[in-house]
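This briefing concerns a single protein chain and is arranged by topic. Please keep the sequence and the coordinates at hand while reading.

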Amino acid sequence: MSNNMDNYNYWGDSRVINSLIGDTSSYGLTTRDGKIFLSLDDEFFLDEAYALVNKEGKFALVDLQNDKEVEGEILGIFFEGSIEEFKATDWGTFSEKMKRFIETLPEDVLFNEAVLSKYECVIPFKTVNCYQCDGKGTMVNPSIDAGGLSYDDFYDDPDFEEAYFSGRYDIQCSACRGSGKQTEMGWDAFAREYKWTNNKRVLNEKFGASVIEVLANYWQGKIEDYEQDQYDAAQEMAWERRWGC
Ligand SMILES: [Zn+2]
C-alpha cells in the first residue's frame, strides 16, 4: 500500500473487517440430515440459569436469578454444567429461593441438551446467495480498491482496467469463505416475546404457545448478540490497524 490514506481505507473496508471474523455459523446451532437444530455451545449459559416451565398451557423460560418465584410445571433446566453442579452451586442472594426451587424439581428433570432433543428444536432456514459476493464466492482484493476507484484510475492505465474487470485481483470472499452461499435463519416463523406498538416495546400476550417458540426466541437473541460481538471485535481490531497501532 502506497500511503496512509490507502491503509486507512483498507482497514475501514467491510470486506476486510469480515476477513477478521472466524466462522460463526455454528454458534448455538447444529446441522443434521439437512436440518438445523438448536444446540448448546460451551459457555452458552455462562452465569445464567433458566427453568423451562409450563404454566397453564403457556410455556416460558424463567430466569432463576431474579426475585420472582417459579410458577408452573418445571419441564427442564438450562445451566452451564451438570445437574449436580447446578444443585451444588452457591446462589448467593438467591440461595433461599434456589433451595426451594431445587426441592420442587422432578426426579428426572430434563437438563440442557436433553430438553432440546425432547422438543425437536428444528429451525427453518433457507440458503441464499452471499450478500457480499452475490454468489460468486470471490471478491476483488480490497487492497486494490478499498478507497474506491475513479475514472482516472482506469483512464491512466487501460491494462489495469482490463485486469480489474477480468478478475485478476479476485480473492476468496471473506463473508462466505468462497461458498457463495449464506444461511438465512427462519426465526420469523416464531412469535416474539415482545412486540412494538405505537413505538413502545410491549409484551406479546400470545407468546409462549409452544416450547420451540420460547427456545427459538432465546436462541435468536443469543446468536444475534454473539454475531454482533464478533463483528464489533473485528471492527475494533481493524480500527487499531487503521491508525497504525
Ligand atoms: Zn461471499
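Is asparagine 7 buried, exposed or partly exposed? Asparagine 7 is partly exposed, because 18 other C-beta atoms lie within 10 Å; a residue is buried with 20 or more other C-beta atoms within 10 Å of its own, exposed with 12 or fewer, and partly exposed in between, with C-beta atoms placed from the backbone. The model is predicted: local features need pLDDT of at least 70 and side-chain atom pairs count only at pLDDT 80 or more, while totals for chains, interfaces and linings use all residues. Residues are numbered from 1 along each chain as its sequence is written.

**Overall form**
- The chain contains 9 helices and 12 strands, which are DSSP runs (helices H or I, at least four residues; strands E, at least two) numbered from the N terminus.
- Its radius of gyration is 24 Å, well over the 18 Å that the globule rule gives for 245 residues, so the chain is more spread out than a compact globule. The radius is taken over C-alpha atoms, and the rule is 2.2 Å times the number of residues to the power 0.38.
- Along the principal axes, the C-alpha atoms fill a box of roughly 80 × 40 × 40 Å.
- Buried residues make up 15% of the 245 in the chain.

**Helices α1 and α9**
- Asparagine 7 belongs to helix α1. From glycine 147 it is 140 residues away in sequence and 9.2 Å away in space, C-alpha to C-alpha.
- Helix α1 (residues 4-12) packs against helix α9 (residues 211-242) at an angle of about 180°, and their axes are 8 Å apart. Axes are lines fitted to C-alpha atoms, for helices over the stretch in contact, and angles run from 0 to 180 degrees between N-to-C directions.
- The two helices, α1 and α9, are therefore roughly antiparallel (an angle over 145 degrees).
- Asn7, Tyr8, Trp11 and Gly12 of α1 meet Ala238, Arg241 and Arg242 of α9, a contact being C-beta atoms, placed from the backbone, within 7 Å.

**Strand pairs**
- Strands β3 (residues 49-55) and β4 (residues 58-63) pair in the antiparallel sense over 6 bridges; pairing requires that DSSP find at least two bridges.
- Alanine 51 has valine 62 in β4 as its bridge partner.
- The hairpin of β3 and β4 has 2 residues between the strands, and glutamate 56 in the turn has a positive phi of about 50°.
- Strand β7 (residues 125-129) is hardly covered, with 0 buried residues among its 5.
- β7 runs antiparallel to strand β10 (residues 181-185), joined by 5 bridges; threonine 127 has threonine 183 in β10 as its bridge partner.

Methods. Parallel < 35°, antiparallel > 145°, perpendicular 65-115°, else oblique. Contact = placed C-beta atoms within 7 Å.
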